[in-house]
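I opened my notebook to get to know a new structure. Here it is, so that we can look together.

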Amino acid sequence: MDKKEIVSLFYNNTDADRAREMSAYMRNHFPFLGIGSQKRADLSRIFLSKIDKKEEIDWEFVCYCFNLPEREFTYLAISYLDKLKKNILPEDLSKFEQIALIRPWWDSIDSLSPLIGFVYLKYPIYSEKFINKWMNSDIFWLIRISIIFQLKYKNNTNIELLSKSILNNKNSNEFFINKAIGWALREYSKTNPSWVLEFVKSNKLSNLSEREALRIINR
């Protein structure tokens with residue numbers, strides 16, 4: 001199954017009722033085909049299984065999927081990138097920035113962030129240039145990435161970078177930034193609760209960020 005065939009396969013499996021439900025869940029920001037996550041995985045399985053993990057990423061295909069109106073194609077592109085994540089080059093972070101800003105919403109941003117995190121672990125010095133740029137961006141979705149890309153790092157978390165991204169944006173009124181701050185701190189509290197508790201005590205965060213950050217600690 002090639003790239004054209006998987007796109008056609010998706011279009012041939014639309015469900016209008018399910019599509020309306022999925023679009024409503026995303027506040028009607030995007031049209032959907034009505035393909036749920038399990039069915040999407042089933043439809044994609046043959047296509048993804050035939051991809052040679054050593055092949056270069058087809059960024060034209062990725063951008064094509066991101067620009068198709070139906071949201072399932074964005075998810076397909078992210079699954080494709082995940083399959084080839086070991087082949088992502090540090091200079092590809094500029095492409096990640098590009099696709100992240102194509103009709104961004106929490107679903108795409110939060111799915112791209114772990115891939116960016118994967119790149120950062122391999123190429124920290126080069127990647128940090130992008131993280132510093134994003135944490136100081138006027139675009140809150142890029143700020144969100146700079147805060148949450150380390151979510152699963154545990155003991156590998158760069159505390160200095162996490163602190164910097166949070167402190168640079170702790171006075172924001174943007175829900176998706178404040179939620180990200182709380183999420184990142186809550187996740188790190190599973191590894192280093194004393195550090196998170198001290199950080200929250202020492203820095204005035206939004207009520208939302210503080211509540212989310214201490215959710216596990218205060219159980």
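My entries below go from the whole chain to one residue.

I began with the ground rules: this is a predicted model, where local features need pLDDT of at least 70, side-chain atom pairs count only at pLDDT 80 or more, and totals for chains, interfaces and linings use all residues. Residues are numbered from 1 along each chain as its sequence is written, and side-chain values use heavy atoms, with hydrogens and water left out.

Next I looked up the secondary structure and found 13 helices and zero strands. Helices (H or I, at least four residues) and strands (E, at least two) are DSSP runs, numbered from the N terminus.

Then I turned to size. The C-alpha trace spans about 55 × 40 × 30 Å along its principal axes. The radius of gyration, taken over C-alpha atoms, is compared with a globule rule of 2.2 Å times the number of residues to the power 0.38. For 219 residues a compact globule would have a value near 17 Å, and the chain, at 18 Å, agrees with that.

I also checked burial: 51% of the 219 residues count as buried, meaning under 20% relative accessible area (1.4 Å probe, protein chains only).

Which loop holds Gln150? I found Gln150 between α9 (140-148) and α10 (159-167). Gln150 is buried, with a relative accessible area of 5%. Leaving aside residues up to four places away in sequence, Gln150 touches Asn156, Thr157, Asn158, Leu161 and Leu162, where contact means heavy atoms within 4.5 Å.

Note on methods:
Buried means under 20% relative accessible area, exposed over 50%, partly exposed in between (1.4 Å probe, protein chains only).
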